[in-house]
Amino acid sequence: MGGWTLGIESTAHTLSFGLVDSDGNPHPACSDTVRPDKGGIHPREAADHHKEVAHSLFTSLLETYQLSPTDIGAVSFSQGPGLGPCLRVGAAIARGISSRLSVPLIGVNHCVAHIEIGRQQCGCNDPVLLYVSGGNTQVIAHLDGKYRVLGETLDIGIGNMLDKFARVQGIPFPGGPVIEKLAAEWLALQDNPSLNGLELPFAVRGMDLAFSGVMTAAQRLIENGAELGAVCWSLQEHAFAACVEVAERALSHTGKKELLLGGGVACNSRLRTMCEQMAEERESTSHAPPRMYCIDNGTMIALLGRIELDNGRQTPYEESGVEQYLRTDQTQVTWAV
Ligand code: AMP
Ligand code: MG
């Protein structure tokens, strides 16, 4: 039996198969994202999508790396958090491959996988993590064997907020990258860009965040005649500034010197720049993994699976049920941070 670890990601919109090799090196994943014709992500429809594409995705992964199934020595999957129907598809595929090949199965925490791929890719030691994705927005730091949540969204994830704002403007999922483009195009045309008349409520609530009010206020600006590009710019400035403020306080409270970005919204160049500026002012550093490892991907699941297996954990089939509401701080961190 081979020494590659397969990782299966299926928490929400994307089904993805990724690999780490026998030396523990991650390799780019084969992924497919559901793109609804209209509306947001429907859990059951996303799960149907994952079932439909699973076989061809897995086959193309093996072809890409010229592997046969027997090169796989362990199977890891996202056990939670996420959408129940989507999680169950990934878990079922993982159990099937594990039992067919008689190799260990390991269910991992999707949020912790975002952290570990970021640490591995950026060479961070003990960072504060700004985890900004579709469904999650958290500021996280390691303490005493757990990744602790120091602050998080009280309502919707920042990515969902961007996607929902975009959807009302007729922009299909995922809206975040289009908002980034429209904001940059509008900004390039301005001599003296100003937030005057484009003000939005601030999303910081103590160490937590809340984005639904920002989104409603941004829609109202459009209804009152503001340009879409201008509102996209303002929306990014306000929402990202709120995240950066909470991240800065977390650095200050913990005394840590590294900031690490993760999650799909961490693909955003403006957010990356704001984090770099803040870190520089604090004589700290800001890091972001390559974009293919910011969005949901099977490689990060394979990497965390490998780490956990190396630390002696496995998931028996009877404990391999999905955990929709699994939290970042429920996973025991048994490996070195
Ligand atoms: P995830 O849930 O981690 O896979 O991330 C998906 C989310 O990332 C979606 O809400 C996307 O709109 C968002 N996203 C992806 N790229 C960007 C970008 N360049 N700027 C802002 N948001 C983005
Ligand atoms: Mg994610």
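**Close-up 1. Lining of the second largest pocket in a predicted model**. Gln79, Gly107, Val108, Asn109, Glu308, Arg313, Glu323, Leu326, Gln330, Thr331 and Gln332 line this pocket. A pocket is an open set of points on a 1 Å grid over the protein atoms alone, with protein on both sides within 12 Å along at least five of seven lines; lining residues have an atom within 4 Å of a point. Two lining residues are nonpolar, six polar and three charged. Strand S5 (residues 105-109) gives the largest share, three residues. Strands (E, at least two residues) and helices (H or I, at least four) are DSSP runs, numbered from the N terminus.

**Close-up 2. Magnesium ion (ligand 2) and its protein donors**. His110 (NE2), His114 (NE2) and Asp296 (OD) lie 2.1 to 2.3 Å from the ion. Donors are N, O and S atoms within 2.8 Å of the metal (3.2 Å for Na, K and Ca); water is not among the atoms, so sites may look incomplete. Their spacing along the chain is H-x3-H-x181-D. His110 sits in helix H3 (residues 110-122) and Asp296 in the loop between strand S12 (285-287) and helix H9 (298-310), so the pair ties together parts 186 residues apart in sequence. His110 is buried at 3% relative accessibility; Asp296 is buried at 11%. Buried means under 20% relative accessible area (1.4 Å probe, protein chains only).

**Notes.** Residues are numbered from 1 along each chain as its sequence is written, while chains are lettered from A and ligands numbered from 1 in the order written. Local features need pLDDT of at least 70, side-chain atom pairs count only at pLDDT 80 or more, and totals for chains, interfaces and linings use all residues; side-chain values use heavy atoms, without hydrogens and water.

Notes:
Buried < 20%, exposed > 50% of the residue type's maximum accessible area, 1.4 Å probe, protein only. 1 Å grid on protein atoms, 1.4 Å probe; cavity = no way out; pocket = protein on both sides within 12 Å on 5 of 7 lines; lining within 4 Å. Nonpolar A, V, L, I, M, F, W, Y, C, P; charged D, E, K, R; others polar.
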